[in-house]
Amino acid sequence: MEFLIFIFGYVGIFALVSVFVISSNASPFLSRLSGKLKQGLLKVIYTVVPGLIIRSITNSINYIFNTRNHVMQLVFGGLVMGGNIILMLDVLPLLYIFEPETNHIFLPLIFLFTNAAAFHLSCVADPGQVTSANATMLASLYKADGILYQTGAECRTCKIIKPPRSKHCSICQRCVHRFDHHCIWTNNCVGAGNLRYFLPFLISLIIMIINGAIMSTRAMVLLVQHLKIMESGYVDPYTGKVNPITIAVLIQHLFMQHPRCIFLITSLVMLTLLLGLFTLYHVYLMINNQTTNERYKIATLPSNNDDRCGMRSPSRADFPKRSQVTLSHADKTLCNSRENEPNKSNKNNDKKVSETCGSYGTQHAAKATEEVSSNNNNISRNKNVATSVAGNLGSFYDRGIFFNVREVFLPWADLPCHAKSSAGAQKKYKKR
């Protein structure tokens, strides 16, 4: 019965979240559907589910995921506490019955307190907020690649010059240096200042989950061995024959006898797979000196057929503007003559301009033509350079594994001593 309560609770929560995801205007699922199909699907949802419930769920989810709040921090604490309660009530008694001489509580406590400390630091540490006082200092850490980050770019909200690799977080309403993503579980951005705490938080969490799964599975194995369940049989209700125990029958029997343990094992195994991939992804980013925000930006760049990396060739807007050329009446005459008579040679056009405007007009027009040609060559050269940079965006900030890891755990090591001291004084002033 307890197991059924768990299952129905899981299904109920999943159904409510699914209703929100499908009915939300920002849903990626709806964005792929055509207009008529989308309207029909929403009509069915609003017919089956009352609009008041949908609006309440939508407003609640919008508050939880799009504003700074402590809801998901409390949810995380409740999940960790619930798992440890099941471990203490159901798993540890079995382990101490069958292995009384082994200390089964030491490692879980070490993992729990380590994870709690890393979680706390990830929540309260400054992720690397960019202010008008430290923007110039932080800008000295990284060079702008010219594609993802431009030199001297200004934040439209904060009105400050953003250092390369920074981004404005719409939830926290601040610019964060070396921005990775906003984590709803920590209610904080993940950036240069707290990535050194966020990674240990993930690693200690995955270790704690794996240890809990191993302990729970070990308790069930010892129980099965002690009761010799695999050596017994069961009566088939349809044939009345006694059949040997199979794995499926064993799992069903354990479900009925120890629902919380089996539920804990199943949940921890699933979390191990999901959280393990997430942790490995962030380790990969650390090794290659990348951020989630940068990989997202690279993935959303328009593709180019000539670029195998799937990145666009930069447009002229990505490079310095042309120098302005002041055209005289002779220049305009030259341009008009070339537009109106495209099939004639430049020699005839120059002759026509010379007859109309004199030798000065011809010389000035030739000078303007030469300057425009020089600017075109510069733009072509800049375009080739930028295309080369775009092809290596993924490794633009890669300095090798040692220095990449050092940047994560010692993010301010490359700052001058006076800059670090002023930053520390500024932080103390903020606390006051």
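Biologist: Which residues of H4 are buried?
Modeller: This is a predicted model. In H4, the buried residues are Gly51, Ile54, Ile57, Ile61 and Ile64. Viewed down the axis of H4, its buried residues lie within an arc of 165°, so they line one face of the helix.
Biologist: And which exposed residues does the face turned away from the buried side of H4 carry?
Modeller: That face carries Leu52 and Asn59, both exposed.
Biologist: How far apart are the end C-alpha atoms of H4, and what span should its residues give?
Modeller: Helix H4 covers residues 51-66, and at 1.5 Å a residue its 16 residues should span 22 Å. The end C-alpha atoms are 21 Å apart, which agrees.
Biologist: Changing topic: how do H10 and H15 cross?
Modeller: The axes of H10 (residues 259-288) and H15 (residues 401-409) come within 7 Å and cross at roughly 110°. The two helices are therefore roughly perpendicular to each other.
Biologist: Which residues meet there?
Modeller: From H10, Met286, Ile287 and Asn288 meet Ile401, Asn404, Val405, Val408 and Phe409 of H15. The residues of this contact comprise six nonpolar, two polar and no charged.
Biologist: Stepping back, how many helices and strands does the protein chain have?
Modeller: The protein chain has 16 helices and seven strands. Of its 432 residues, 36% count as buried.
Biologist: What share of the contacts between residues at least 6 apart in sequence joins residues at least 24 apart?
Modeller: In the protein chain, that share is 64%.

Technical notes: Residues numbered from 1 in each chain as written. Predicted model: local features only at pLDDT ≥ 70, side-chain atom pairs only at ≥ 80, totals over all residues. Heavy atoms only, no water. Axes fitted to C-alpha atoms, helices over the stretch in contact; angles between N-to-C directions. Helix = DSSP H or I, 4+ residues; strand = E, 2+ residues; numbered from the N terminus. Parallel < 35°, antiparallel > 145°, perpendicular 65-115°, else oblique. Contact = heavy atoms within 4.5 Å. Nonpolar A, V, L, I, M, F, W, Y, C, P; charged D, E, K, R; others polar. Expected span 1.5 Å × (residues − 1). Buried < 20%, exposed > 50% of the residue type's maximum accessible area, 1.4 Å probe, protein only. Arc of directions from axis to C-beta.
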